Amino acid sequence: MLIRAHHIFCIQGFIGKGYSEEFIENMENIIERLNICDLLIEVTNAPDCICTACPRLKIIDAQSTNDKISLIGCEVETKVKMLDRKVADSLGIDFGKHYLYSEILKKLKYIDEEKFDNICSECQWYSLGYCKKRIIGI
C-alpha cells in the first residue's frame, strides 16, 4: 500500500472527520485494511491511496517545450511535501522504501511533544488535537 509519510500521523489521529463523505469513507476503508493485517507500506512524498478521495487533489497543467504535461498533486503540494519530509526524518524512514505497518507504528513511540509540534503545528487539523492525543497521549 502506497502511503504519504505525513499520512502515517493522520491515520493515527483520524476520528471520522474529513474533507468530504467520500474522503471519510476512503480513509475508514484504508485504516480498516491496515488494522486487519500487517500490510507492507511503501512510503512516498506524492499522492497516495488516501489522496485519491481528497477534494484538494488537483491535476495541474504545465507547459514544457510545446508539450502539455498533466501533473497530479495537492493544491498545497509544496507544504505537504515539507510535512512528508519532516515525518520521514522523524521516523527514520525513506521514500520509496517498504516497511511493515507494525514497524512504522513502533517508530511512533519515539515522537515526543516537541517533535510533534515542530512537524504538525501548521496543519489545518492541528488545533483539533486528535493526532497529538493519539500519537503522544496529550
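Which residue in strand 2 is the bridge partner of L2? The legends below walk through this predicted model, starting with that pair.

**View 1. L2 and its bridge partner.** The answer is E42, sitting in strand 2. Strand 1 and strand 2 run parallel here, and three bridges join them.

View 2. Zoom out a bit and you get three strands in the order 1-2-5, with mixed pairing. Strand 1 (2–4) and strand 5 (98–100) are the edge strands, so to speak the ones that pair on one side only. From one strand to the next, the twist averages 45°. Helix 4 lies across strand 2 and strand 5, and its angle to strand 5 is about 80°.

**View 3. Around I41.** Leaving out neighbours within four places in sequence, I41 is in contact with M1, I3, L34, K97, H98, Y99, Y101 and I104. I41 also shows up among the residues that touch the most other members of the largest nonpolar core, along with I8, F9, I11, L91 and I111.

**View 4. The largest nonpolar core.** This core has 32 residues. Elements giving two or more residues to it include helix 1 (7–13), strand 2 (40–44), helix 3 (77–91) and helix 6 (130–136).

View 5. Look for N26 in helix 2 (residues 21–36). Is N26 buried or exposed? N26 counts as buried, because its relative accessibility is 18% and the cut-off is under 20%. Setting aside residues up to four places away in sequence, N26 touches C49, I50, T52 and A53.

Note on methods: Residues numbered from 1 in each chain as written. Predicted model: local features only at pLDDT ≥ 70, side-chain atom pairs only at ≥ 80, totals over all residues. Heavy atoms only, no water. Helix = DSSP H or I, 4+ residues; strand = E, 2+ residues; numbered from the N terminus. Buried < 20%, exposed > 50% of the residue type's maximum accessible area, 1.4 Å probe, protein only. Contact = heavy atoms within 4.5 Å. Core = buried A, V, L, I, M, F, W, Y, C linked by side-chain atoms within 4.5 Å. Pairing = 2+ DSSP bridges. Axes fitted to C-alpha atoms, helices over the stretch in contact; angles between N-to-C directions.
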